[in-house]
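Here is a short walk through one protein model and its ligand. Take a look at the structure first, then follow the paragraphs below.

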Amino acid sequence: MPVIQTERLTLRAPHESDLERIVDLIGDYEVSKMLALVPHPYTREHGIDWLSQANTGKPGCETVFALDAGDSLIGCVSLGKLPNDPTLGYWLGRPYWGRGYMSEAAGAALAWLFANHPVDELTSQAMDENPASLKVLRKLGFSDDSKGTCESLARGEGRPSTVLRLKRDTLIKTVTV
Ligand SMILES: CC(C)(COP(=O)(O)OP(=O)(O)OC[C@H]1O[C@@H](n2cnc3c(N)ncnc32)[C@H](O)[C@@H]1OP(=O)(O)O)[C@@H](O)C(=O)NCCC(=O)NCCS
């Protein structure tokens with residue numbers, strides 16, 4: 001896994017030593033309720049399982065970047081289903097919302113993806129009740145593709161959502177990596 005440096009963040013592979021932070025931050029229902037495959041409550045065992053499947057290099061595994069703001073993990077960006085049907089997912093711990101961190105981090109991860117993989121487009125999905133995430137995606141150059149339902153393990157039911165698509169040449173570069 002590469003290490004990517006942006007103005008304020010280091011994107012790096014998540015480590016076992018990140019487990020407590022992951023469980024603490026993603027265990028916040030305000031975070032997990034916006035995500036598809038994150039259960040609530042979120043236990044250490046969930047975190048261990050998730051860490052063990054990340055970055056294995058096996059087909060379909062997630063490429064996961066931990067977002068490190070200097071002294072600890074504040075969130076993650078994941079690129080799923082590489083290389084054939086790539087998807088983008090992400091979350092930040094609640095104390096770190098609203099400071100432009102995700103636009104910075106996701107922009108860097110996408111710039112890395114297009115520079116290093118023969119991928120021409122990818123999709124992401126956000127619940128329609130998640131304007132912050134929809135804004136992050138549209139700011140990066142994603143455009144609306146279709147309407148759907150986003151699964152939510154934390155809620156136990158799906159929610160109306162928008163699928164958005166980004167093409168290689170429509171990425172709006174928010175950072176230089
Ligand atoms: C979605 C999330 C990643 C956004 O991260 P962030 O670092 O706060 O996002 P940014 O600051 O880069 O950008 C958010 C943008 O949305 C805007 N925004 C935030 N809340 C909003 C709201 N309720 N309505 C409209 N716009 C809103 C912000 O003003 C900002 O716009 P700007 O760049 O023009 O100032 C973060 O809130 C999060 O992790 N939420 C929980 C998990 C989640 O939703 N993951 C994504 C699942 S699809």
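**Loops, ligand and a ring pair**

Start with Pro83, which is found in the loop between strand S4 (73-80) and strand S5. The model is a predicted one. The peptide bond that leads from Leu82 into Pro83 is cis, and its omega is near 0°. Pro41 has its place in the loop between helix H2 (29-32) and helix H3 (44-53).

Move on to the loop between H3 and S3, where Asn55 is found. Phi of Asn55 is near 60°. That value is positive, and the residue is not a glycine. Why point out such spots? Most residues other than glycine have a negative phi, and most peptide bonds are trans.

Now turn to the ligand. Where does the ligand sit? The space it takes is the largest pocket. A shell of 22 residues surrounds the ligand. The closest of them are Leu92, Gly98, Ser103, Asn130 and Lys139.

Which elements build this shell? Strand S5 (87-92) and strand S6 (121-127) each supply at least two residues, and so do helix H4 (101-116) and helix H5 (131-139). H5 gives the largest share, with 6 residues. By type, the shell divides into 13 nonpolar, 6 polar and 3 charged residues.

Look next at the backbone around the ligand. A polar backbone atom of Gly98 is 2.7 Å from an oxygen atom of the ligand. For Met102, the distance from a polar backbone atom to a ligand oxygen is 3.0 Å. For Tyr101, the corresponding value is 3.4 Å. How much of the ligand does the protein cover? On its own, the ligand has 960 Å² of accessible area, and the protein covers 71% of that.

Helix H4, one of the elements that supply the shell, also has a part in another feature. The structure holds 1 aromatic pair. Its members are Phe65 and Trp112, with ring centres 5.3 Å apart. The planes of the two rings stand at 85°, so the pair is edge-to-face. Phe65 is in strand S3 (residues 63-68), while Trp112 is in helix H4. The two residues are 47 residues apart, and the pair links distant parts of the chain.

Then find Asn55 with its positive phi. Pass to the ligand in the largest pocket, and end at the edge-to-face pair of Phe65 and Trp112.

Notes
Residues are numbered from 1 along each chain as its sequence is written. This is a predicted model: local features need pLDDT of at least 70, side-chain atom pairs count only at pLDDT 80 or more; totals for chains, interfaces and linings use all residues. Side-chain values use heavy atoms; hydrogens and water are left out. A residue is near a molecule or strand if one of its heavy atoms lies within 4 Å of it. A polar contact is a pair of N or O atoms within 3.5 Å; within protein, one must be able to donate a hydrogen and the other to accept it, and residues adjacent in sequence count only if both atoms are side-chain atoms. Accessible areas come from the Shrake-Rupley method with a 1.4 Å probe; for residues, only the protein chains shown count as cover. On a 1 Å grid over the protein atoms alone, a cavity is a set of points where a 1.4 Å probe fits but cannot get out, and a pocket is an open set with protein on both sides within 12 Å along at least five of seven lines; lining residues have an atom within 4 Å of a point. A molecule sits in a cavity or pocket if more than half of its atoms lie within 2 Å of its grid points. Helices (H or I, at least four residues) and strands (E, at least two) are DSSP runs, numbered from the N terminus. Ala, Val, Leu, Ile, Met, Phe, Trp, Tyr, Cys and Pro count as nonpolar, Asp, Glu, Lys and Arg as charged, and the others, Gly among them, as polar. Rings of Phe, Tyr and Trp (its six-membered ring) pair if their centres lie within 6.5 Å; planes under 30 degrees apart count as stacked, over 60 as edge-to-face and the rest as tilted.
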